[in-house]
Amino acid sequence: MLTSIRSERLVVISDLHLGNPFSRGRHEAIRFLKWAASQKFDICINGDGLEIAQVSFSKLAVEMPEVVQTLRELNKMGCNVYYIVGNHDMALEHFLEDWGTLKVCPFLNLLSGKKRVRIEHGHLYDPFFVSYPTLYEVSTKLAGFLLAIHPNFYRLWISLEKFQARLRARKTGIIGEPPEFAEAAHEICRRGFDTVIFGHTHHRGEFTLPEDKQYLNSGSWLLTCDYVEIVNGHAELKTWQKKSA
């Protein structure tokens with residue numbers, strides 16, 4: 001099982017949710033992946049790239065062939081593509097191995113320059129997911145039903161999470177996230193990492209941890225096209241500028 005790699009140039013994206021009724025980012029994601037490979041970046045899709053929990057099978061059937069073909073093209077260009085399993089694509093835990101065009105991993109320990117970077121989806125630090133797994137599954141299915149009715153339900157949920165976070169007396173992480181995510185990132189850094197990158201929450205942001213350690217969340221591609229760029233160990237949060245067709 002692959003968990004440790006070295007790469008001097010790597011981009012991290014998460015939460016594409018291809019196959020979700022709300023997902024509209026397939027074409028833009030493919031443009032981004034091709035651009036990244038042309039710039040000699042390796043690529044990490046940090047969980048929930050595919051939507052299985054809230055899947056529209058007809059939508060996934062349309063989107064998957066183009067994505068698979070793109071991954072083959074990237075592989076021919078010498079680009080390594082790593083796929084970390086998330087909570088909406090947990091069935092992929094049965095395929096934790098190197099598939100040639102895609103290396104499926106539970107997490108990644110990256111050595112880049114002189115920095116150690118931990119990349120994982122982050123759902124294991126979600127207090128709702130961990131404490132109430134059955135309720136979480138039910139709410140996920142309900143959310144999928146609401147998204148099929150109207151995408152504004154998603155925008156409302158993200159806004160409510162940010163509003164709730166701003167009500168907290170002190171800032172304990174990225175706006176919109178429970179404090180457990182920054183706490184988990186801090187604990188991981190205490191084990192020898194310099195930077196931690198999560199996805200899962202869909203809240204793009206970065207937070208400075210004690211001893212100048214770094215926690216970043218690459219957000220999702222459901223509203224904006226955000227990613228983390230790592231060059232020689234330096235991690236920076238960026239937004240992909242959409243291109244015209």
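Phe 128 sits in helix α3, which covers residues 127–131. This is a predicted model, so keep in mind that its local features need pLDDT of at least 70. Because its relative accessibility is 31%, Phe 128 counts as partly exposed. Together with Tyr 132, Leu 135 and Val 138, Phe 128 makes a nonpolar surface patch of about 400 Å².

Now for the strands. Strand β8 (residues 195–198) is covered on both faces. Thr 195 and Ile 197 are buried on one side, and Val 196 and Phe 198 are buried on the other. As a rule, side chains in a regular strand alternate between the two faces of the sheet.

What does β8 pair with? Here are its pairings with β7 and β10.

| Strand pair | Sense | Bridges | A bridge pair |
|---|---|---|---|
| β7 (residues 115–119) and β8 | parallel | three | Ile 119 and Ile 197 |
| β8 and β10 (residues 213–217) | parallel | four | Thr 195 and Gln 214 |

Back in β7, there's Arg 118. Is this arginine buried or exposed? Arg 118 counts as buried, because its relative accessibility is 10%, under the 20% cut-off. The Arg 118 side chain makes a polar contact of 3.1 Å with the side chain of Asn 109. Leaving out residues up to four places away in sequence, Arg 118 also touches Phe 107, Leu 108, Ile 188 and Phe 193, among others.

Technical notes
Residues are numbered from 1 along each chain as its sequence is written. This is a predicted model: local features need pLDDT of at least 70, side-chain atom pairs count only at pLDDT 80 or more; totals for chains, interfaces and linings use all residues. Side-chain values use heavy atoms; hydrogens and water are left out. Patches are made of residues with over 30% relative accessible area and no salt bridge: like charges are joined within 9 Å, nonpolar side chains (Val, Leu, Ile, Met, Phe, Trp, Tyr) within 5 Å. Accessible areas come from the Shrake-Rupley method with a 1.4 Å probe; for residues, only the protein chains shown count as cover. A salt bridge is a side-chain nitrogen of Lys or Arg within 4 Å of a carboxyl oxygen of Asp or Glu. Helices (H or I, at least four residues) and strands (E, at least two) are DSSP runs, numbered from the N terminus. Buried means under 20% relative accessible area, exposed over 50%, partly exposed in between (1.4 Å probe, protein chains only). Two strands pair if DSSP finds at least two bridges between them. A polar contact is a pair of N or O atoms within 3.5 Å; within protein, one must be able to donate a hydrogen and the other to accept it, and residues adjacent in sequence count only if both atoms are side-chain atoms. Contact means heavy atoms within 4.5 Å.
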